[in-house]
Structure formats: structure tokens, C-alpha cells
Amino acid sequence: MGILVVDKPVGPTSYDVVRRVQRALARAQGLARPKDLKVGHGGTLDPLASGVLPICVGEGTKVAAFLLDADKEYEAELRFGVETDTLDAAGTVTAATEVVDLEAGMIAAALAAFRGSILQVPPAHSALKRQGRPLYDYARRGESVAIEARPITIHELELRAFEPPATARLFVRCSKGTYVRSLAADLGRAIGLGAHLTGLRRTRSGPFDLASAVTPDELERRLANGESVEFMAPAEALAHLPVLPASPEQSGDLVIGKKLPVE
């Protein structure tokens with residue numbers, strides 16, 4: 001098949017959405033068991049986040065790993081004056097500060113320090129592994145663990161709206177591995193008020209955007225009515241990568257699994 005672009009709703013996990021799509025496609029193909037259809041996704045979204053979730057189906061699963069490297073674009077909402085243990089609205093409040101006289105210009109000025117190549121500490125409540133265990137497992141058990149900062153790149157970071165006294169909306173275009181939750185918390189600390197993420201919508205992931213996305217409800221409706229569903233071909237999904245032409249001899253080697261030297 002290829003890659004199906006789904007508009008993930010707020011609430012379910014990315015895994016929940018993948019399984020729902022898998023069941024719907026399996027039914028449409030008359031498969032007795034949904035697990036007979038290979039599926040995967042090209043970048044996790046938290047339950048509270050919505051937006052572009054590329055789902056790889058069939059032959060599309062072969063390129064899933066390459067999709068994880070793509071840049072992402074987000075619309076983010078954050079609230080100043082309140083910090084939480086998960087850095088978003090799902091967590092427990094850990095600190096609160098009265099927000100007085102915060103202005104859009106103050107926020108816009110603080111954003112400059114976060115553009116470009118920076119170091120970012122991932123959230124303690126995240127799926128990153130440490131000694132085989134996800135960080136959130138340590139956090140839930142009350143175990144402290146050192147989390148090292150990682151290099152990321154914020155290509156674009158703009159203030160789109162400010163609603164006094166404490167709500168801001170940002171546009172973010174960033175590299176893989178960026179946690180917008182951490183960005184919100186770091187921005188809050190930079191201003192001296194603290195902050196947490198209250199909403200997140202991914203509008204683009206690599207070549208995939210909302211214009212080509214379908215909601216799970218719409219997907220199920222189309223399939224139930226026998227309507228077509230648009231998939232992106234694996235080659236098209238990898239169009240952002242450099243191309244290395246192979247000679248007939250090299251093509252033959254690749255077909256039988258031989259590795260070729262980079263040069």
C-alpha cells in the first residue's frame with residue numbers, strides 16, 4: 001500500500017489510532033485477522049496532541065524508520081504561571097505564580113534564545129529509554145534519574161497570539177527529537193513565570209501535512225462505503241532524501257541483499 005496520513009484526535013494514544021486504522025483496513029480487505037496487515041507509524045504524538053500522524057501500511061512499513069528523521073511543524077498553546085510534573089496539562093501542578101503585566105513583547109523577545117541549534121533536556125515523563133526502562137516508569141515510581149540534554153534544532157519559532165493574562169500560541173518548526181513540552185517549560189522559566197503546554201497540534205511531518213490527512217472517523221466511513229483512500233507511495237514519502245543512482249551491476253547486488261560502499 002504505502003503511507004496513510006491520519007489526523008489524530010486529542011485523547012487516544014498514537015498506538016490506539018494505529019490499531020483502529022489497522023482494523024478498518026483489514027475489514028475492507030476481508031482479512032480475518034487485523035494483525036495480518038502490517039502497520040506502523042512515522043512519529044508518536046502524545047494523547048493530548050492532535051494532528052498529522054503518518055501510518056505506514058504494507059510495503060510502506062519498510063520506510064517507517066526514515067520518516068522519523070523528518071522535521072516537524074506544530075501549533076502549540078501554553079499557559080504561563082503554572083508548572084506541572086509532565087510539563088503539560090495532563091500532569092500534577094508543581095508550582096504556581098501569579099501572572100501580572102505579562103506582554104506579548106516579553107514573550108517574543110524570550111523566543112530568540114531558543115531558535116537555532118540548542119540543547120534540550122527531554123521530559124522525565126517520556127518514553128525515552130534508560131537501561132531498558134522508559135523514563136516515565138522511573139518518574140511514576142518516584143525514582144530520580146539523570147537526564148542528559150540532547151542537541152536539537154528549532155528552525156522557526158514565532159509567537160502567533162497572546163491572550164492576557166497568561167495564554168500564548170506559538171508556531172514551531174523543529175528537528176526530530178524535539179519536545180515541545182520541554183520548550184514550553186523552558187520558555188516559562190526564561191521569563192521567570194514557569195509554564196506548561198496546554199495544547200499541541202502537529203500540522204506537518206516531513207512531506208505530510210493536514211491538507212492530505214483524514215480523520216479516523218472519515219477513514220472508517222469511506223471504507224465502509226467502498227470509497228477509495230489515498231495512500232502516498234513509499235518513494236514519494238522519501239522524496240526529501242538525496243538520491244544515489246545505481247548501475248545495473250549495483251542494482252543486482254542490492255536485490256540480493258549485498259551492501260554497497262557509500263562512495
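What follows is a short exchange on helix packing and backbone geometry.

Reply: Go ahead. Keep in mind that this is a predicted model.

Me: What makes helices H1 and H6 roughly parallel to each other?

Reply: The crossing angle. The axes of H1 (residues 14-28) and H6 (residues 216-224) cross at roughly 5°. Angles under 35 degrees count as roughly parallel, therefore H1 and H6 get that label. Their axes also come within 10 Å.

Me: Which residues of H1 and H6 make the contact?

Reply: H1 brings Val17, Arg20, Val21, Ala24, Leu25, Arg27 and Ala28. From H6 come Pro216, Asp217, Leu219, Glu220 and Leu223. By class, eight are nonpolar, four are charged and none is polar.

Me: Why is Leu87 called buried?

Reply: Its relative accessible area is 14%. Buried means under 20%, so Leu87 qualifies. Leu87 sits in the loop between strands S5 (82-84) and S6 (93-96). Leu87 has a positive phi of about 70°, although it is not a glycine.

Me: Is Asp101 buried or exposed, and how do you know?

Reply: Exposed. The relative accessible area of Asp101 is 66%, and the cut-off is over 50%. Asp101 is in the loop between S6 and helix H3 (104-111). Phi is positive here too, about 65°, and Asp101 is not a glycine.

Me: What is the peptide bond from Pro164 to Pro165, cis or trans?

Reply: Cis, with omega near 10°. Pro165 lies in the loop between strands S10 (150-163) and S11 (167-174). Most peptide bonds are trans.

Methods. Residues are numbered from 1 along each chain as its sequence is written. This is a predicted model: local features need pLDDT of at least 70, side-chain atom pairs count only at pLDDT 80 or more; totals for chains, interfaces and linings use all residues. Side-chain values use heavy atoms; hydrogens and water are left out. Axes are lines fitted to C-alpha atoms, for helices over the stretch in contact, and angles run from 0 to 180 degrees between N-to-C directions. Helices (H or I, at least four residues) and strands (E, at least two) are DSSP runs, numbered from the N terminus. Angles under 35 degrees count as roughly parallel, over 145 as roughly antiparallel, 65 to 115 as roughly perpendicular and the rest as oblique. Contact means heavy atoms within 4.5 Å. Ala, Val, Leu, Ile, Met, Phe, Trp, Tyr, Cys and Pro count as nonpolar, Asp, Glu, Lys and Arg as charged, and the others, Gly among them, as polar. Buried means under 20% relative accessible area, exposed over 50%, partly exposed in between (1.4 Å probe, protein chains only).
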